[in-house]
Amino acid sequence: MNCLPPQAVAPLLLLAFAGGLVGCVGSNPDRAQSELKVPGKWKGAARSGFPQRPLNTAALPKWWERFHDPVLNQLVSTALQNSTDIRTAVSKVRESRARRGVQAAGLFPTVDAGFSARGERTDNRNTGVSSSENYGASIDMTWEVDLFGKQRQNIKAATEDLREAGENLYAAQVSLAAEVADTYVSLRQAEAQLAVVERTLASRTETTQIARWKEEAKITGSVDTQQAISTLEQARAQVPSLKQTISQTQNQLSLLASLPPGALDKLLARSDKMPSPPARIAIGIPADTLRQRPDIRAAERRVDAAVARTKSAVAERYPDLSLSGSIGVDALKAGRIFSPENVAASIAGSLAAPIFDAGRIRQDINIQSELESQALIGWEATVLTSLSEVENALIGIQRTAERLVILEQALKAARQAEELSTQQYEAGLVDLLVVLEAQRTLLSLEDQEVTTRANQASAHIQLYKALGGGWSS
């Protein structure tokens, strides 16, 4: 039986000693717990009329399809495929995966290979010319043994960073889909407002013409005519501003889809209708939202990564075991490198433990512990924000629905008033001011109705976003 060479005994003794130390190490700090209380149901669910049935997660990835607008569907699909923000998020996932690979490589030995060659020529008066050659090759290995789990905790932290990057990708999809839909609603709102103004221009142009005829017939003076012209031009002045808004909103949609201005004009011209939100949404309970929203899950991953880094900092207190080894060969001829004259091998181990570092390790642990606390506070803030966003969206849906009912009644009366006042003015029964006031009231109410319908659609969009809809793996 072969005995171990003396140089191999010391590393084995060090390894045995370090193994004994493992049993003396206390458990690392556990993950901090939050005291945040999540409500069991939504405050505004009953008022909004939405049932709190379990959240339909299957319908959330493509919630915009529930608006039944093919143009909107195409816009969101194009944006999700082309967006520079999404592509950047995907690249960050790949970066995080590579960083985790770097950390994982630290668990394994490092092996290097080397080759050397040396030649000498000596010209001696007595012995003449002599020459010699020497060739060598070696393989060297170094390995830092992860005795106390410091490297494994770093790998765990990198794994959580990778998961967070994935959740951030999903969160980017959620934000992008909602922003595209909201911008699209703004476009349709501006177009509808322009249509209202153009209808008003037609009625005010007719009123102005009647005022001119009455002035020519000496029935009224020029004051009526000038007042009619003034209100006509006031309405006309809104047209350039609305057209500007329409063009800029179209460009904004192209930007969201990472396309040049004008690239979506043909698609947008296929329709001019305001998207109609669904009548009912199963909003689930707050706990469903916490599971569905990728930004909350990303915050959880940040907490887990911070916990792992705290444990890695704690492991700095304990010894490090390093092993190194080498095997080399020497030959006098290059062709005999594989049949060498000399073979040398060595193995060494070292065990180093911190004794005095002026509190550096302790302060590093404190730093990581505070970063862990900050990550937990960030998670709480994200949860509170999500709960608030859902409640605000439910309030928006409820109040816009109530406002629409009131506006529909007011619009019905305003249209009748405008029609009757015009007829009475033509018959000479009322002054022009009555007609102009009726027209102004009708224009204002029609504009409010368009704005409220847009706000209603936006509230539904914000609700879908707040529920964590719009992402897909």
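Biologist: Is Ala-117 buried or exposed?

Modeller: Ala-117 is exposed, because its relative accessible area is 55% (buried is under 20%, exposed over 50%, partly exposed in between, with a 1.4 Å probe and protein chains only). Keep in mind that this model is predicted: local features need pLDDT of at least 70, side-chain atom pairs count only at pLDDT 80 or more, and totals for chains, interfaces and linings use all residues. Residues are numbered from 1 along each chain as its sequence is written, and side-chain values use heavy atoms, without hydrogens or water.

Ala-117 sits in strand S1, residues 110-124 (strands are DSSP runs of E, at least two residues; helices are runs of H or I, at least four; both are numbered from the N terminus). Tyr-135 lies 18 residues from Ala-117 along the chain, yet their C-alpha atoms are separated by 4.5 Å.

Now turn to helix H5, which spans 150-216. Helix H7, residues 238-256, comes within 9 Å of H5, axis to axis, and the two axes cross at roughly 160° (axes are fitted to C-alpha atoms over the stretch in contact, and angles run from 0 to 180 degrees between N-to-C directions). H5 and H7 are therefore roughly antiparallel (over 145 degrees; under 35 is roughly parallel, 65 to 115 roughly perpendicular, the rest oblique). What does their contact consist of? By class, the contact of H5 with H7 holds 13 nonpolar, 8 polar and 3 charged residues (Ala, Val, Leu, Ile, Met, Phe, Trp, Tyr, Cys and Pro are nonpolar; Asp, Glu, Lys and Arg charged; the others, Gly among them, polar).

Helix H3, residues 70-82, also packs on H5. Their axes are 10 Å apart, at an angle of about 140°. That makes H3 oblique to H5.

Of its 17 lining residues, Lys-92, Ser-96, Arg-99, Asp-161 and Ala-165 are the closest to the centre. H4 gives the largest share of the lining, 9 residues. By class, the lining has 5 nonpolar, 5 polar and 7 charged residues.

Next, the loops. Lys-218 lies in the loop between H5 and helix H6 (222-236). Its phi is near 65°, a positive value in a residue other than glycine. Lys-218 counts as exposed, because its relative accessibility is 74%. Ser-258 sits in the loop between H7 and helix H8 (265-268). Ser-258 is not a glycine either, and its phi is positive, about 55°. With 26% relative accessibility, Ser-258 counts as partly exposed.

Helix H10, residues 294-315, packs with helix H11, residues 360-426, at an angle of about 170°. Their axes are 9 Å apart. That makes H10 roughly antiparallel to H11. The contact of H10 with H11 divides into 14 nonpolar, 5 polar and 6 charged residues.

Technical notes: 1 Å grid on protein atoms, 1.4 Å probe; cavity = no way out; pocket = protein on both sides within 12 Å on 5 of 7 lines; lining within 4 Å.
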